Amino acid sequence: MTTQPRKRLRIGVVGTGFIAEFHLRSMVGVRHVDVTGVYSRKAENRARIVKLVADLGLGDCTSHDSLAAMLQADDVDAIWILSPNDTRIETMRTIHDEVVSGRSKVFAVACEKPLARTVADAREMLRLAEAAKLNHGYLENQVFATPVIRGKEIIWRRAASSTGRPYLARAAEEHSGPHEPWFWQGDKQGGGVLLDMMCHSVEVARHLLTEPGKKRDSLTVKGVSGTVANLKWTRPHYADDLKKRFGAEVDYRNRPSEDFARGNVMLEDEDGNELIIEATTSWAYVGAGLRIQLELLGPEYAMEFNSLGTGLKVFMSRAVTGAEGEDLVEKQNAEQGLMPVLEDEAGVYGYTDENRHMVECFRKGEEPLETFVDGVAVMEILMGLYLSAETGETVRFPNPALENYVPVVARR
Ligand SMILES: NC(=O)c1ccc[n+]([C@@H]2O[C@H](COP(=O)([O-])OP(=O)(O)OC[C@H]3O[C@@H](n4cnc5c(N)ncnc54)[C@H](OP(=O)(O)O)[C@@H]3O)[C@@H](O)[C@H]2O)c1
């Protein structure tokens with residue numbers, strides 16, 4: 001970990017897809033940062049990112065044709081891992097090897113959710129980061145969502161301080177299904193919607209329930225109970241639709257992953273108070289677009305956020321025609337009628353504050369609010385939920401069976 005505050009942090013991104021573009025757009029609201037490198041396998045994807053960095057005024061970005069080359073570049077301090085879940089360990093191992101051998105001067109790494117596909121792999125990510133003495137950040141954007149930052153601050157300062165801590169956090173994230181085939185393939189992604197999206201819900205809920213200033217481990221998970229289901233995409237018409245859109249490798253007639261998941265996480269605080277997280281996620285929600293719903297409830301108060309309850313709405317009559325887009329809201333499902341619009345998606349979803357926080361922590365050598373340790377803890381909860389759904393029983397924590405547990409849909 002660096003000991004001196006750096007004037008600027010120079011970052012290299014691994015991955016050039018959907019989330020890489022979101023991160024870059026959010027970096028416009030972050031100071032003291034330059035995006036100086038990009039690596040993914042295809043040159044045309046890297047070229048698109050180099051152009052986007054230039055268009056956004058984020059620095060001079062070099063396209064590297066190998067991860068090792070980017071790690072060895074003398075203008076890269078930190079890596080943002082933004083590639084698919086099945087590339088995590090290989091990517092982190094290369095970073096570890098290059099740094100430990102002295103070929104790379106990189107001193108920090110940030111990784112998108114989920115940290116890995118199993119608890120064992122998540123622990124390996126943490127071990128590799130620590131062995132290479134890297135500062136590490138777990139990229140869970142919802143913890144940094146503007147309504148979460150503001151809502152948590154008000155609830156704990158005004159309401160919890162005078163009437164007692166919150167006891168129930170509800171978190172739901174739902175949309176109509178992911179954009180790339182690998183998300184739908186259980187063996188590649190590591191699961192279905194539970195792994196893909198409940199990682200957000202359990203972590204933002206844990207964060208809301210954690211007293212400000214205290215570490216997340218001030219809450220102890222006592223047990224979890226989960227349910228998974230196939231509500232929509234296994235219906236023959238929709239399974240065939242997936243195959244048409246994504247190719248034969250996405251075969252929901254024979255190899256589906258869950259498109260709905262529900263989880264209850266039972267926790268205890270340091271005073272022995274019982275706390276509950278209720279999480280729901282789905283790829284079977286067809287509304288205007290991505291919907292995040294959050295609630296935090298306590299003895300005399302309640303907080304509530306719905307990402308589709310936007311202040312800005314537009315109406316377009318049936319006479320308006322044009323191409324499909326995602327220009328109003330993420331995972332948009334319509335271009336007509338009354339539509340909600342998030343004026344600043346990168347801010348409301350949390351990417352801007354998340355990146356600002358990570359850049360400042362890495363620059364100053366401080367520990368981020370979310371680290372790989374949190375990424376491991378999230379994986380333990382998610383694997384507990386999968387095991388519970390498989391056995392139909394509540395899974396008590398701590399539970400050694402979770403270490404090498406692989407969800408049913410990922411066992412191929
Ligand atoms: N925080 C959130 O809400 C959120 C939202 C979406 C995704 N994510 C996470 O972000 C990650 C990426 O998702 P995405 O939606 O951006 O996926 P995506 O759109 O499929 O993009 C993946 C990118 O990774 C690159 N890639 C593939 N294999 C690689 C490898 N071995 N080394 C380096 N790059 C490689 C691909 O480019 P090439 O073909 O050129 O290699 C592609 O640009 C996932 O872990 C996902 O869970 C988070």
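**Entry 1: ground rules**

I am working with a predicted model, where local features need pLDDT of at least 70, side-chain atom pairs count only at pLDDT 80 or more, and totals for chains, interfaces and linings use all residues. Residues are numbered from 1 along each chain as its sequence is written.

**Entry 2: the two domains**

I noted the division as domain 1 (9-140) and domain 2 (143-352 + 379-396); such bounds come from an automatic or database domain assignment. I then looked at where they touch: 19 residues of domain 1 are in contact with 17 residues of domain 2. Contact here requires C-beta atoms, placed from the backbone, within 7 Å. On the domain 1 side, H1 and helix H5 (119-131) each supply at least two residues. H1 gives the most to that side, with 5 residues. Helices are DSSP runs of H or I with at least four residues, strands are runs of E with at least two, and both are numbered from the N terminus. I sorted the domain 1 side by type and got 9 nonpolar, 5 polar and 5 charged residues. In that sorting, Ala, Val, Leu, Ile, Met, Phe, Trp, Tyr, Cys and Pro count as nonpolar, Asp, Glu, Lys and Arg as charged, and the others, Gly among them, as polar.

**Entry 3: the ligand**

Which residues are closest to the ligand? I found Gly17, Phe18, Ser40, Arg41 and Lys42 to be the closest, in a shell of 21 residues. Helix H1 (residues 18-27) provides the largest share of the shell, 3 residues. By type, I get 7 nonpolar, 9 polar and 5 charged residues in the shell.

I went to the largest nonpolar core next, and it has 114 residues. Such a core is a set of buried Ala, Val, Leu, Ile, Met, Phe, Trp, Tyr and Cys residues joined through C-beta atoms within 7 Å. Ala78, Val109, Met125 and Leu382 have the most contacts inside this core. H13 gives the most to this core, with 12 residues. Where does the core lie relative to the domains? Domain 1 and domain 2 both give residues to this core, so it lies between them.

Setting aside neighbours within four places in sequence, I find Val109 in contact with Ala78, Ile79, Ile81, Ile95, Ala129, Leu134 and His136.

Then I turned to H13 itself. Is H13 mostly covered or mostly uncovered? I count it as mostly covered, with 17 of its 20 residues buried. Buried means 20 or more other C-beta atoms within 10 Å of the residue's own, exposed means 12 or fewer, and partly exposed is in between, with C-beta atoms placed from the backbone. I also checked the length of H13 (residues 372-391): at 1.5 Å a residue it should span 28 Å, and its end C-alpha atoms are 28 Å apart, which agrees. The expected span is 1.5 Å times one less than the number of residues. Gly392 follows H13 and has a positive phi, near 75°.

I looked for cis peptide bonds. The bond from Lys113 to Pro114 is cis, with omega near -20°, and Pro114 sits in the loop between strand S5 (108-112) and H5. The bond from Phe397 to Pro398 is also cis, with omega near -5°; Pro398 is in the segment after strand S15 (395-396).

His32 has a phi of about 60° and lies in the loop between H1 and strand S2 (33-39). His32 counts as partly exposed because it has 15 C-beta neighbours inside 10 Å. Lys133 has a phi near 55° and is found in the loop between H5 and strand S6 (135-139). Lys133 is exposed, with 11 other C-beta atoms within 10 Å.

**Entry 4: Asn230**

Finally, I visited Asn230, in the loop between strand S8 (220-229) and H10. Asn230 and Phe260 are 30 residues apart in sequence and 6.2 Å apart in space, C-alpha to C-alpha. Neighbours within four places aside, Asn230 is in contact with Pro256, Glu258 and Asp259.

How values were computed. Near = placed C-beta within 6 Å. Contact = placed C-beta atoms within 7 Å.
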